[in-house]
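Subject: Structure for you to look at

Hello,

Here is the structure I promised to pass on. Please open it and keep it in view as you read.

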Amino acid sequence: MGLMEALIFLCKGQFWRMAVFWTVSLILSYLQLFSQTHLSRKSKLFDRCSSISSSAIRKPICIITGSYLILVVGKSDGLSSNGDIKLPCQSPVIDEIVGSSQADVFDTLKSATLRLWIKFNSKTSTTTVLALLDRVTWYLLPVQATSGLGAAVSYALAKEGYCVILAGRSLHSLSKVASEIKEQIDDACVKAFQVDLSSYKSILSFKHSLQQWLLDSDLHCSVQLLINNAGILATSYRVTTEQCDQMVSTNYIGPFCLTKLLLPLLEQSPIPSRVVNVTSFTHRNVSSMEVTRETISGQWFSKLSSYPYAHVYEYSKLCLLLFTYELHRQVGLAEKSHSVSVIAADPGVVKTNIMREIPSCLSWLAFFVLKLLGLLQSPEVGITSVLDAVHAPPETSGVYFFGGNGRTLRSSQLSYNSKLAKDLWDASSQIFLERQLASRDTT
Ligand SMILES: NC(=O)c1ccc[n+]([C@@H]2O[C@H](COP(=O)([O-])OP(=O)(O)OC[C@H]3O[C@@H](n4cnc5c(N)ncnc54)[C@H](OP(=O)(O)O)[C@@H]3O)[C@@H](O)[C@H]2O)c1
């Protein structure tokens, strides 16, 4: 994105909502954590327990949505095949994060190099440079430190002996994560499945493939852990095939449908099973919420003159939190599923690719300021709250982990509104039912 686009972005209220409100809500979360831990005796710490040591199960299964490793440029030979061009490959532009799949990386790399080349060698034509670039060998190094939260959690859980099922949009990208984990952990069990959380059809087909794979393998036909991690921060309104807003679909409706479909497999587990929903402190900025068909499908946001992306993100994360608490209540009521617990985890601010749709100079600036404030974490540190949620004792349910070290926090007041949560549950279940019926009609 160019400077002009960054300036236009900077002039929008949503950017400032993100820059100011989100930072304030993050700081308030840490202050609340500090006062809980150091000033009051009310805080509850959860010791980690190993929920996976059981003779009833050989390898517990963990499904995690959304994992990738970003490829960064490690080295380039810098010479085209005719040997007379030295490419400016060591430029900081190219040493930055450049994509999530090999094809992505090559494309970004080519255009970044092209831009630099034209800047420094204005006499060379674009076509000539492109032709030369095609003949250059790039060496790419996958670097764990630049992964999203999903890959970092997957690695940690594979190390603990979980059989990790990676579920995401790009099989190519997931395979990269899988092979990286297998390279580092000798007996790792990792399997990748394609799923697009913004499509019910795709979620259903994932469930069928997973069930078939479980039947074909020598593993117990159940799921012990589901981590709803995938999420996006989309800066424009995009409509899915099911006529929903893509951000709301990916961040809330998709995880809702996936959890509903996988609940029988979680309930079949001979050991206590768990759902972990990865939410965000940004939910604190939603002060009121109306549950209607139009709001929970996100269609309502398309009616506004400009897409309130920061608000939609906050809203989707609040929905996920309300869903967490309501599911916790529902499984508590149903006797057969007393062994399924539901927990929310908030990683704080982590340097990942979540801001990929924000102009890169602005996301760089945001990360820089957050780093100066001591609020920015690496994925390896950011996942501690998710791992706390995974390791909390089986009877722990309906809580919100934040800040690591087994610490929980109270989420926003609105998130504990049980009437709102029930309304949201009913409206979401209606959407789920309609999609189930529609998918039966088409099969
Ligand atoms: N980073 C933070 O500061 C932060 C703070 C609080 C909460 N969180 C939450 O943490 C979770 C992980 O975020 P992250 O920071 O690791 O972001 P990220 O680096 O952008 O990773 C998000 C993952 O979600 C996947 N995804 C996106 N749309 C999908 C879809 N329709 N179907 C399946 N997978 C999809 C992406 O896969 P593709 O490669 O296919 O796009 C990617 O692997 C998100 O829920 C986010 O909201 C992050």
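Predicted model: local features only at pLDDT ≥ 70, side-chain atom pairs only at ≥ 80, totals over all residues.

**Ligand shell**

There are 29 residues around the ligand. Those that come nearest are Gly 66, Gly 148, Arg 169, Gly 231 and Thr 352. Two elements, helix α6 (149-159) and strand β9 (349-350), each give the shell at least two residues. By class, the shell holds 16 polar, 11 nonpolar and 2 charged residues.

**Helices α9 and α11**

Next, look at α9 (residues 246-267) and α11 (residues 309-333). Their axes come within 8 Å of each other and cross at roughly 15°. Angles under 35 degrees count as roughly parallel, so α9 is roughly parallel to α11. The crossing is right-handed.

Which residues meet here? From α9 they are Met 247, Val 248, Asn 251, Tyr 252, Pro 255, Phe 256 and Thr 259. From α11 they are Val 312, Tyr 313, Ser 316, Lys 317, Cys 319, Leu 320, Phe 323 and Leu 327. The contact is made up of 11 nonpolar, 3 polar and 1 charged residues.

Gln 243 sits in the loop between β6 (225-228) and α9. Its phi is near 65°, a positive value, and Gln 243 is not a glycine. Most residues other than glycine have a negative phi. Is Gln 243 buried or exposed? Gln 243 counts as exposed, because it has 10 C-beta neighbours inside 10 Å, and the cut-off for exposed is 12 or fewer.

Asn 405 has 13 other C-beta atoms within 10 Å, so it is partly exposed.

Gly 406 counts as buried, because it has 20 C-beta neighbours inside 10 Å. Where does Gly 406 stand relative to Leu 45? In sequence, Gly 406 and Leu 45 are 361 residues apart. In space, their C-alpha atoms are 5.2 Å apart.

Best wishes

Definitions and conventions:
Residues numbered from 1 in each chain as written. Near = placed C-beta within 6 Å. Helix = DSSP H or I, 4+ residues; strand = E, 2+ residues; numbered from the N terminus. Nonpolar A, V, L, I, M, F, W, Y, C, P; charged D, E, K, R; others polar. Axes fitted to C-alpha atoms, helices over the stretch in contact; angles between N-to-C directions. Parallel < 35°, antiparallel > 145°, perpendicular 65-115°, else oblique. Left-handed = near helix turned anticlockwise from the far one by under 90°. Contact = placed C-beta atoms within 7 Å.
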